[in-house]
Amino acid sequence: MADNSIETITIGCPVCGNSHLYNLEVERSVVVYNRLPKNAFKERVIRFIRLFVCPVKQSDFQATFILSDIPHSPIRTVNVLGIAKESL
Amino acid sequence: MKEKKKNKNENQGMELLEVSAVTPHNRALYEAGKMLLTDSITTGRDFCKFMISLSTGAIPIYLGLLKFVLPEHYTLSLQQGVLAIIPVVLFLIASIVFTIGYYPQVSQFSLDVIDEIEKERTRTIFRRKKLSLIGFSIFLIGTVNAIVTIIVTL
């Protein structure tokens, strides 16, 4: 089972100097708690490096960010969807 | 004075650590990833093309070796003949399977819909992978059979 959520992040672009708002798709697994012992899942912080494209200069840059797992819903991956509509 | 905009997130649990130009290592990985994405569809096709030649070429090689190890004017019995011909049949079947894998596909998708392109690409890759595995397994069985037949004939 998977649970996907769209989250946004504002990044100060190193290419053009402005801030851009990006949409990220966070894929999480749904863990059925009753099948795991209570101490099997600990809250964890995961580090991601993703490439983003500056909409002004059309050049890419990288950003490193960390995400905390929601209990019983460990993060599988994060995909960059693109510029959020609000920042256009 | 222009207010400096800070990097921020709008969701709990997400924290931006660093923003920078793409490092050379990541750039190289990105280029490698692009190559994997674009070349993966042709890799399967090229493999099928190569294996068609290899499978059909194995037939005269095997028959030549068999003729070489058999005494001159030796006639095989029916049973011996059937056993000797099995590798040839397997090589032929393998080449047919690879030909099916290489055969052009017909599909429809719109370039505007990325999901359709990805779905079609995945379908093509998995189809060729399945046929390549089947064909290669048959080819391997034929090869082993051919080696055993020649050794037994010796």
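This is a predicted model: local features need pLDDT of at least 70, side-chain atom pairs count only at pLDDT 80 or more; totals for chains, interfaces and linings use all residues.
Across the interface of chain B and chain A, the rule finds 1 salt bridge, along with 7 residue pairs in polar contact, both residues at pLDDT 80 or more.

Which elements of chain B give two or more residues to the side that touches chain A? They are β1 (8–9), β2 (14–21) and α1 (24–69) of chain B. The largest share of that side, 8 residues, comes from β2(B). Sorted by class, the side of chain B that touches chain A has 7 nonpolar, 7 polar and 7 charged residues.

Now step back and take in the whole interface. Here 21 residues of chain B are in contact with 23 residues of chain A. Between chain B and chain A, the buried area is about 1900 Å². Carbon and sulfur atoms give 53% of that area.

The two chains are also linked strand to strand. Strand β4 of chain A, residues 60–68, pairs with β2(B) in the antiparallel sense over 7 bridges.

Let us return to A:Asp60, which has its place in strand β4 of chain A. Is A:Asp60 buried or exposed? Its relative accessible area is 19%, so A:Asp60 is buried, the cut-off being under 20%. Leaving aside residues up to four places away in sequence, A:Asp60 touches A:Val15, A:Phe52 and A:Val53 in chain A, and B:Val22, B:Arg27 and B:Tyr30 in chain B.

The hairpin of β3(A) and β4(A) has 6 residues between the strands. In the loop between β3 (45–53) and β4 of chain A you will find A:Gln58. A:Gln58 has a positive phi of about 55 degrees, although it is not a glycine. With a relative accessible area of 60%, A:Gln58 is exposed.

Chain B also has a residue with a positive phi: B:His73, at about 60 degrees, although it is not a glycine. Look for B:His73 in the loop between α1 and α2 (78–102) of chain B. At 75% relative accessibility, B:His73 counts as exposed.

Our last stop is helix α2 of chain B, where B:Leu92 lies. This residue counts as partly exposed, at 44% relative accessibility. How many residues apart in sequence are B:Leu92 and B:Phe139? They are 47 residues apart in sequence and 8.8 Å apart in space, C-alpha to C-alpha.

Conventions: Residues are numbered from 1 along each chain as its sequence is written. Chains are lettered from A and ligands numbered from 1 in the order in which they are written. Side-chain values use heavy atoms; hydrogens and water are left out. Contact means heavy atoms within 4.5 Å. Buried area is the accessible area (1.4 Å probe) that two parts lose on being put together, summed over both. A salt bridge is a side-chain nitrogen of Lys or Arg within 4 Å of a carboxyl oxygen of Asp or Glu. A polar contact is a pair of N or O atoms within 3.5 Å; within protein, one must be able to donate a hydrogen and the other to accept it, and residues adjacent in sequence count only if both atoms are side-chain atoms. Helices (H or I, at least four residues) and strands (E, at least two) are DSSP runs, numbered from the N terminus. Ala, Val, Leu, Ile, Met, Phe, Trp, Tyr, Cys and Pro count as nonpolar, Asp, Glu, Lys and Arg as charged, and the others, Gly among them, as polar. Two strands pair if DSSP finds at least two bridges between them. Buried means under 20% relative accessible area, exposed over 50%, partly exposed in between (1.4 Å probe, protein chains only).
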